Amino acid sequence: MLDDDAVLSVRARAFLDEHAERTPVDLEHPRRWYGCTDVHNDVVPGPEGGLERLESFVARYGGLSFCGERPGCLGEHEHQYRFDHILTFGWDQIEGDEWIATVGDVAGGYPLGLSWSTGRISVVGPQTWIANDADNLIESSALGQAIYADRTWSEAVPVGGRGPGWGLEGVTSDRFRDLVPEAVEASSPWNRWYLDEQVAVHTWQVTYGPARPEVVMAWYRGAEGRRRIEAAVGPLQ
């Protein structure tokens, strides 16, 4: 699916084979829509090498669409991240040396942004970060869909909670940091995964509103996995 996918995990490569599709990239006229603006919305040349940076991104990821971390797609492939197959925007200055380019969208029309300085990926707002880079976003999505597709995992639903899909309300991710190893390739400061053979935990900061509260969901395998989660958060249904 990608020209060079060796940097991705085996899980992520299998995920792309099953959950992704790709439109052919068109970089024949990359300057047609390229333009940059500064913090005052005035047209400026943009960062040095900015066009080449976007050309490189589109060449590697352009036209790629894939299912997000949640919910389980169950073969429907409806909730997707999508990277543009052509270069449609330039860089917009946010502050100082930070520039953001729109490189795609998510189902629902919210833009995906690319940070000039770090390669981070944002959604909804220009600094609402969700991933360290595009590969990190793919790894997170791959892990999420692997959990949903594997029927050996059971969602942890607390007694007194609102039911499946609502997560562990009132629980923060620090309950699990010393309990389950972090899946580093799929994690970022705004979106973390913890995983072993018995327990899986997904924590993320919501993308609506500036406060970005944390949501925590967990799954277990077998009686021992359930026991470990209950020891951290209390009884489950």
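Mentor: Two strands are said to pair if DSSP finds at least two bridges between them. With that criterion in mind, please note that the model is predicted.

The part to examine is an open sheet of 4 strands, in the order S11-S14-S13-S12, with antiparallel pairing. Strand S11 (154-155) and strand S12 (191-195) form its edges; each has a single partner strand, so one side of each is left without a neighbour in the sheet. For S12 that partner is S13, and the two are joined in the antiparallel sense by 5 bridges.

The axes of helix H1 (residues 10-19) and H3 come within 9 Å and cross at roughly 75 degrees. H1 and H3 are therefore roughly perpendicular to each other. On the H1 side the contact is made by Arg 11, Ala 12, Phe 15, Leu 16 and His 19, and on the H3 side by residues including Ile 138, Glu 139, Ala 142 and Ala 146. Sorted by class, this contact has 7 nonpolar, 3 polar and 2 charged residues.

H3, which spans residues 134-149, also packs with H2, at an angle of about 30 degrees and with the axes 12 Å apart. Angles under 35 degrees count as roughly parallel, so H2 is described as roughly parallel to H3. Phe 57, Arg 60 and Tyr 61 of H2 meet Ala 134, Asp 135 and Ile 138 of H3. That contact comprises 4 nonpolar, no polar and 2 charged residues.

The structure holds 1 cavity of 30 Å³ or more, and the largest cavity has a volume of about 60 Å³. Its lining consists of Leu 54, Val 58, Asp 84, Ile 86, Leu 87, Thr 88, Phe 89, Thr 102 and Val 103. Helix H2 (50-61) and strand S7 (98-106) are the elements that give two or more residues to that lining. By class the lining residues are 6 nonpolar, 2 polar and 1 charged.

Strand S5 (80-83) and strand S13 (199-205) each supply at least two residues to the lining of the largest pocket, which holds about 620 Å³ of space. Of the 21 residues that line this pocket, Arg 70, Tyr 81, Val 123, Trp 204 and Thr 207 lie nearest its centre. The lining divides into 12 nonpolar, 6 polar and 3 charged residues.

The peptide bond from Arg 70 to Pro 71 is cis, with omega near -10 degrees, whereas most peptide bonds are trans. Pro 71 itself is found in the loop between strand S4 (64-67) and S5.

Methods
Residues are numbered from 1 along each chain as its sequence is written. This is a predicted model: local features need pLDDT of at least 70, side-chain atom pairs count only at pLDDT 80 or more; totals for chains, interfaces and linings use all residues. Side-chain values use heavy atoms; hydrogens and water are left out. On a 1 Å grid over the protein atoms alone, a cavity is a set of points where a 1.4 Å probe fits but cannot get out, and a pocket is an open set with protein on both sides within 12 Å along at least five of seven lines; lining residues have an atom within 4 Å of a point. Grid points are joined across faces, edges and corners, and a volume is the space filled by probe spheres set on the points. Ala, Val, Leu, Ile, Met, Phe, Trp, Tyr, Cys and Pro count as nonpolar, Asp, Glu, Lys and Arg as charged, and the others, Gly among them, as polar. Axes are lines fitted to C-alpha atoms, for helices over the stretch in contact, and angles run from 0 to 180 degrees between N-to-C directions. Angles under 35 degrees count as roughly parallel, over 145 as roughly antiparallel, 65 to 115 as roughly perpendicular and the rest as oblique. Contact means heavy atoms within 4.5 Å.
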